[in-house]
Amino acid sequence: MGIVRYVRALDSPDYNSAFISLWSVLEYLTYTLKDSYDKTIKRTSFHYKDREYARQVLEHLRRYRNKSVHLGAGESEIDTHIYQLKNYIERLLKFHISNHFGFESIEEAAKFMDLQHDIGELKKQIAIYQAGVKFISG
């Protein structure tokens with residue numbers, strides 16, 4: 001479904017409309033259609049080593065999207081914005097298509113994208129869950 005949305009978004013001859021549709025694809029792939037833009041950006045930047053840089057670029061794209069939707073204002077550099085957004089979407093599409101971790105839904109993959117990047121913190125969470133399993137089963 002994500003690929004179909006992506007291709008349809010790029011079929012639009014109106015670049016501003018294409019950009020808005022692409023942002024919707026980003027929301028779909030991050031399972032944030034009903035969530036805040038912050039969560040969309042956080043889940044997308046999860047896939048990058050330099051998450052802060054990705055977050056800043058995505059924040060810039062989000063501001064452009066909002067300006068385009070609410071003010072009807074486009075920019076002469078829309079093609080650059082589209083290519084930037086395409087790169088983020090294509091990374092997410094590859095992640096979902098490859099499905100290396102065996103997620104059964106986009107929702108499960110989204111929970112994965114919410115994980116912290118601190119290995120020590122992840123190990124603490126694992127220990128808490130293991131203690132919970134032990135407590136409930138025993």
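A residue counts as buried when its relative accessible area is under 20%, as exposed when over 50%, and as partly exposed in between (1.4 Å probe, protein chains only). The model is predicted, so local features need pLDDT of at least 70 and side-chain atom pairs count only at pLDDT 80 or more, while totals for chains, interfaces and linings use all residues. Residues are numbered from 1 along each chain as its sequence is written, and side-chain values use heavy atoms, with hydrogens and water left out.

Helix α7 covers residues 119-137; helices are DSSP runs (H or I, at least four residues) numbered from the N terminus. From first C-alpha to last, the 19 residues of α7 reach 27 Å, close to the 27 Å expected at 1.5 Å a residue, where the expected span is 1.5 Å times one less than the number of residues. The number of buried residues in α7 is zero, so the helix lies largely in the open. At its N-terminal end, α7 is capped by D118, with a side-chain oxygen 2.8 Å from the backbone nitrogen of G120.

Helix α5 (residues 78-98) contains H96. The side chain of H96 reaches the backbone oxygen of L29 at 2.8 Å. Beyond its neighbours within four places in sequence, H96 is in contact (heavy atoms within 4.5 Å) with L29, I106, A109 and M113. The C-alpha atoms of H96 and G2 are separated by 9.0 Å, although these residues stand 94 residues apart along the chain.

Helix α1 (residues 2-10) holds V7. With 42% relative accessibility, V7 counts as partly exposed.

Methods: Helix = DSSP H or I, 4+ residues; strand = E, 2+ residues; numbered from the N terminus. Polar contact = N/O pair within 3.5 Å; in protein donor to acceptor, adjacent residues only side chain to side chain.
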